Amino acid sequence: MSHWNQFEADRAFTAASRARRRAALLGRVRRPGRAMCALPVYDEALQRRSGPRGVTEIPLEAIAGTTEPNRAAQFDQHFRPKPLTRGRWQRVWLAAQQDVTLPPISVVQIGDAYAIRDGHHRVSVAKARGALTITALVG
């Protein structure tokens, strides 16, 4: 791995994390007393599953939340990361940069949207890299 790639990953993470902090600050200024829009958490057991199942490409914009409460604290509703995710986020960025085939994320369909079971960092990196779709195992 070159130092340039590591520098690029660090720069990308810093930009994504800074955008999260900026959005949080603007949210507090524009809507005093209201919390920043966190990543919504869906109770997978209560959701009605519809549509096809299996591995497919899904639009990143259709991912509306998570089934994992601990991950909801690590990302905002646009999947911008908190600083504590830096190491793992950068490893995923570097893998994508080196064209490593990453496993599909795992999602559950909720109406016209999706909630992530596994793959939060991959979604965050894909969004930061400007991707429009991501490979997902829909279950």
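Modeller: Two strands pair if DSSP finds at least two bridges between them; helices (H or I, at least four residues) and strands (E, at least two) are DSSP runs numbered from the N terminus. The model is predicted: local features need pLDDT of at least 70 and side-chain atom pairs pLDDT 80 or more, while totals for chains, interfaces and linings use all residues. Residues are numbered from 1 along each chain, and side-chain values use heavy atoms, without hydrogens and water.

Biologist: In what order do the five strands form the open sheet?

Modeller: Strands of a sheet pair through backbone hydrogen bonds, either parallel or antiparallel. The pairing in this open sheet is mixed, and its five strands follow the order E1-E5-E3-E4-E2.

Biologist: Which strands stand at the edges of this sheet?

Modeller: An edge strand here has a single partner strand, so one side of it is left without a neighbour in the sheet. That description applies to strand E1 (54-59) and strand E2 (63-66).

Biologist: How many bridges join E1 to E5, and which residue of E5 is the bridge partner of Gly 54?

Modeller: E1 and strand E5 (residues 133-138) run antiparallel and are joined by six bridges. The partner of Gly 54 in E5 is Val 138.

Biologist: How many residues of E3 are buried?

Modeller: Buried means under 20% relative accessible area, exposed over 50%, and partly exposed in between (1.4 Å probe, protein chains only). Ile 105, Val 107 and Gln 109 point one way from E3, Ser 106, Val 108 and Ile 110 point the other way, and all are buried. E3 is therefore largely enclosed by the rest of the structure, its buried residues being six of the six.

Biologist: Which residue in the turn between E3 and E4 has a positive phi?

Modeller: E3 and E4 pair in the antiparallel sense over five bridges, and Ile 110 stands opposite Ala 113 in E4. The two strands form a hairpin with two residues between them. In that turn, the residue with a positive phi of about 65° is Gly 111.

Biologist: Is Asp 99 buried or exposed?

Modeller: Asp 99 lies in the loop between H3 and E3, just after H3. Although not a glycine, Asp 99 has a positive phi of about 60°. Its relative accessible area is 69%, so Asp 99 is exposed.

Biologist: Which residues of H3 are buried?

Modeller: An α-helix has 3.6 residues a turn, so residues three or four places apart point the same way. In H3, the buried residues are Trp 89, Gln 90, Val 92, Trp 93, Leu 94 and Ala 95.

Biologist: What arrangement do the rings of Phe 13 and Trp 89 have?

Modeller: Rings of Phe, Tyr and Trp (its six-membered ring) pair if their centres lie within 6.5 Å; planes under 30 degrees apart count as stacked, over 60 as edge-to-face and the rest as tilted. By this rule there are three aromatic pairs. One of them has ring centres 5.4 Å apart and planes at 70°, so the arrangement of Phe 13 and Trp 89 is edge-to-face.

Biologist: How many residues apart are Phe 13 and Trp 89?

Modeller: Phe 13 and Trp 89 are each buried, at 0% relative accessibility. Ring pairs link these two residues and Trp 93 into a cluster. Phe 13 belongs to helix H1 (residues 3-30) and Trp 89 to helix H3, so distant parts of the chain are joined, with a separation of 76 residues.

Biologist: What arrangement do the rings of Phe 75 and Phe 79 have?

Modeller: Phe 75 is buried at 0% relative accessibility, and Phe 79 is buried at 1%. Phe 79 is found in the loop between helix H2 (69-72) and H3, and its phi is near 65°, a positive value in a residue other than glycine. The ring centres of Phe 75 and Phe 79 are 6.2 Å apart and the planes are at 45°, so the pair is tilted.

Biologist: Which residues does His 120 touch, not counting residues up to four places away in sequence?

Modeller: His 120 lies in helix H4 (residues 120-128) and is buried, with a relative accessible area of 2%. Contact means heavy atoms within 4.5 Å. With residues up to four places away in sequence left out, His 120 touches Leu 39, Thr 66, Glu 68, Arg 71, Phe 75 and Phe 79.
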